[in-house]
Amino acid sequence: MPRTVHYKASSVIYFEGDVGDKAYILREGEIVLTSTDLETGQEVHERIGKGEFFGVKSSVGRYPREETAMVLSDAEVLEFSASEFEGFLLKNPRVMMKMLKVLSRQLRRIHKRVQTLLAVSEEVNPEEGLFSICKYYIEKQQFSQAAYALGRYLAYYPDGVHVEEVKAALARVQAAQARGGTGALSVPSPEPRKPSLSSAEKDFYEAESLFGQERYEEALASFMRIAEGSDQEDVRRRALFESGRCLMAMARYDEVIQHYSRFARDFSDAPETSEALFLIARAYEEKGDGARAGALYRKVLSLPGVSSEVVKKARKALRGLEERV
């Protein structure tokens, strides 16, 4: 059951970068959400009024908060877990429609920003395009986006020309996230500029944008078109890997197992292969086959050169399996 929580004026409910599974509806008082504009780097303030919700996307999506929620006047809020909020929506279709309208407006704004971010005047190679995205997010202090982009660079280009800079930048970004997103960061490189991408890379990141909007069917179709139509081996491989993530997000576990088994066979030395095996294990676990899942988690941990992120996830998943036995 949701619980009622009272906050005093000037208190903070959560900070940008926090990880939490709570969603909120304001019953009394006033709250302001403060975030950083992706394009300008300036602070954006959004006031939350009585009866409005906040913290929903990060709660349901289980990713770090994108804004800081501060109480302007003594407030009373309803606090929901992600599952409680989903149940609340099912019982209150009017609230659901209101939320969908708000999210639709937000997604349109995000789409416009992505289009601006991907606007190109010249073409560069894919590695430089991705590195430029890393620099852009760090310059704007968008730490969660920066961490994702830096992680993707290390996965796609483990021997890339910027790999040492990216590793150092990722460590600083993760440290800033642990501090609550404080502290200025920079990548030791030329003056930041907005990324310029090839046509194939632009299609790829537009497909990732669809995935980020949870439009998984559309994202899957886009990634498969890229994989079938690209003559760039790294773009094709990455598109196939991301296709599997779409299947996983849609809980199509049998297809995940088949898809990533082919991927591991065809790209045995690829940087994504260990994560593909991890996702096969996850699919078996979701299907209730703990024995196969455990064997695959152990295989992932035994492989050489597995990224620290995949190792951490595999260890955590294996511990969870063993605790349930």
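What covers the buried residues of helix H12? Helix H11 (273-286) and helix H13 (308-324) are included in that cover, and the sections below build up the picture around them.

## About the model

Welcome to a predicted model, in which local features need pLDDT of at least 70 and side-chain atom pairs count only at pLDDT 80 or more, while totals for chains, interfaces and linings use all residues. Residues are numbered from 1 along each chain as its sequence is written, and side-chain values use heavy atoms, leaving out hydrogens and water.

## The chain as a whole

The chain has 13 helices and 6 strands; helices (H or I, at least four residues) and strands (E, at least two) are DSSP runs numbered from the N terminus. Of its 325 residues, 45% are buried. Buried means under 20% relative accessible area, exposed means over 50%, and partly exposed lies in between (1.4 Å probe, protein chains only).

Among contacts with a separation of 6 or more, 65% are between residues 24 or more positions apart; a contact means heavy atoms within 4.5 Å.

Helix H12 takes in residues 290-302, and its 13 residues should span 18 Å at 1.5 Å a residue, which agrees with the 18 Å between its end C-alpha atoms. The expected span is 1.5 Å times one less than the number of residues. Ala293, Gly294, Leu296, Tyr297 and Val300 are the buried residues of H12. They cover an arc of only 165 degrees around the axis, so they sit on the same side of H12; the arc is that of the directions from the helix axis to the C-beta atoms. Ala291 and Ser302 are exposed on the other side of H12.

A salt bridge is a side-chain nitrogen of Lys or Arg within 4 Å of a carboxyl oxygen of Asp or Glu.

Helix H5 covers residues 143-156. Because 10 of its 14 residues are buried, H5 is largely enclosed by the rest of the structure. Among the buried ones are Phe143, Leu150, Arg152 and Tyr156.

Within it, the side chains of Arg245 and Glu242 meet at 2.4 Å, N to O. These two are 3 residues apart in helix H9 (residues 233-249), which means that about one helical turn separates them. Glu242 is buried, with a relative accessible area of 0%. In the structure there are 20 salt bridges.

## A buried charge without a partner

Glu67 sits in the loop between helix H1 (56-61) and strand E6 (68-81). Glu67 is buried yet has no salt bridge, and the nearest side chain of opposite charge, Arg65, is 5.4 Å away. Here Lys and Arg count as positive and Asp and Glu as negative, with His and the chain ends not counted.

The side chain of Glu67 does make a polar contact with the side chain of Tyr14, at 2.6 Å. A polar contact is a pair of N or O atoms within 3.5 Å; within protein, one must be able to donate a hydrogen and the other to accept it, and residues adjacent in sequence count only if both atoms are side-chain atoms.
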